[in-house]
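Welcome! Take a moment to turn it around before reading on.

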Amino acid sequence: MNRDPISFFGGPMDGRTLDVLTGPTGHPPKLYKIPVPATDDSPATTVVYRRVAAGRRGVRQLWRYEYDAGGNAETGRLKWPWSKPGSGAGPGADPAE
């Protein structure tokens with residue numbers, strides 16, 4: 001596993017760069033979730049950043065994370081051709097729903 005410096009845009013991490021683990025293909029995770037603990041003023045929450053392409057350096061793809069203001073932490077389920085949109089059907093779906 002390698003670590004690559006990835007820039008963050010928007011939200012509380014704006015302008016910062018962190019070393020993020022990359023997989024065997026050189027891609028960082030699609031989502032980067034940062035848990036924010038509760039304080040007296042606000043409840044605990046999770047800040048979500050989504051991976052976007054940031055260009056190329058030679059043959060290597062560069063990445064950055066952009067703030068997801070909606071905070072949708074769902075990782076994006078697999079879209080099976082036999083599933084209806086929004087049904088959540090497929091392997092790993094809860095049959096009780």
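## A question to start

Is Arg 50 buried, partly exposed or exposed? Arg 50 counts as partly exposed because its relative accessibility is 31%. The terms work like this: buried means under 20% relative accessible area, exposed means over 50%, and partly exposed lies in between, with a 1.4 Å probe and protein chains only.

## About the model

This is a predicted model, in which local features need pLDDT of at least 70 and side-chain atom pairs count only at pLDDT 80 or more, while totals for chains, interfaces and linings use all residues. Residues are numbered from 1 along each chain as its sequence is written, and side-chain values use heavy atoms, leaving out hydrogens and water.

## The overall picture

Helices (H or I, at least four residues) and strands (E, at least two) are DSSP runs, numbered from the N terminus.

Of the 97 residues in the protein, 16% are buried. The accessible surface comes to about 7,400 Å², and carbon and sulfur atoms account for 54% of that; such areas come from the Shrake-Rupley method with a 1.4 Å probe, and for residues only the protein chains shown count as cover. Contact means heavy atoms within 4.5 Å. Among contacts between residues at least 6 apart in sequence, 29% join residues at least 24 apart.

## The sheet

Five strands make an open sheet with mixed pairing, in the order β2-β1-β5-β4-β3. Strands β2 (17-22) and β3 (31-36) stand at the edges with a single partner strand each, so one side of each has no neighbour in the sheet. From one strand to the next, the twist averages 35°; the axes behind such angles are lines fitted to C-alpha atoms (for helices over the stretch in contact), and angles run from 0 to 180 degrees between N-to-C directions. Strands of a sheet pair through backbone hydrogen bonds, either parallel or antiparallel. Here, two strands pair if DSSP finds at least two bridges between them.

Follow β5 (residues 60-67) to see both kinds of pairing. Strand β1 (residues 2-9) runs parallel to β5, and three bridges join them; Phe 9 stands opposite Glu 66 in β5. Strand β4 (residues 45-57) runs antiparallel to β5, with eight bridges between them. Across this pairing, Arg 51 stands opposite Tyr 65, and Arg 50 has Glu 66 as its bridge partner. The hairpin of β4 and β5 has two residues between the strands, and Gly 58 in this hairpin takes a positive phi near 70°.

## Charged pairs

Side chains of opposite charge can pair when their charged atoms come close. A salt bridge is counted when a side-chain nitrogen of Lys or Arg is within 4 Å of a carboxyl oxygen of Asp or Glu. The whole structure has three salt bridges.

One of them joins Arg 60 and Asp 4, whose closest N and O atoms are 2.3 Å apart. This pair links distant parts of the chain, with Arg 60 in strand β5 and Asp 4 in strand β1, 56 residues apart. Arg 60 is partly exposed because its relative accessibility is 44%, whereas Asp 4 is buried at 15%. Leaving out residues up to four places away in sequence, Asp 4 touches Arg 60 and also Leu 18, Asp 19, Val 20, Thr 22 and Gly 26.

Another joins Asp 68 and Arg 50, with 3.1 Å between the closest N and O atoms. It too links distant parts of the chain: Asp 68 is in the segment after β5 and Arg 50 in strand β4, 18 residues apart. Asp 68 is buried at 16% relative accessibility. Arg 64 and Glu 66 also meet in a salt bridge (2.4 Å, N to O); Arg 64 is partly exposed at 27%, and Glu 66 is partly exposed at 30%.

## The nonpolar core

Which residues form the largest nonpolar core? It has nine: Ile 6, Phe 8, Met 13, Val 20, Ile 34, Val 47, Tyr 49, Trp 63 and Tyr 65. Strands β1, β4 and β5 are the elements that give two or more residues to this core. A nonpolar core is a set of buried Ala, Val, Leu, Ile, Met, Phe, Trp, Tyr and Cys residues joined through side-chain atoms within 4.5 Å.

Not counting residues up to four places away in sequence, Ile 6 touches Arg 16, Thr 17, Leu 18, Val 20, Pro 28, Trp 63, Arg 64 and Tyr 65.
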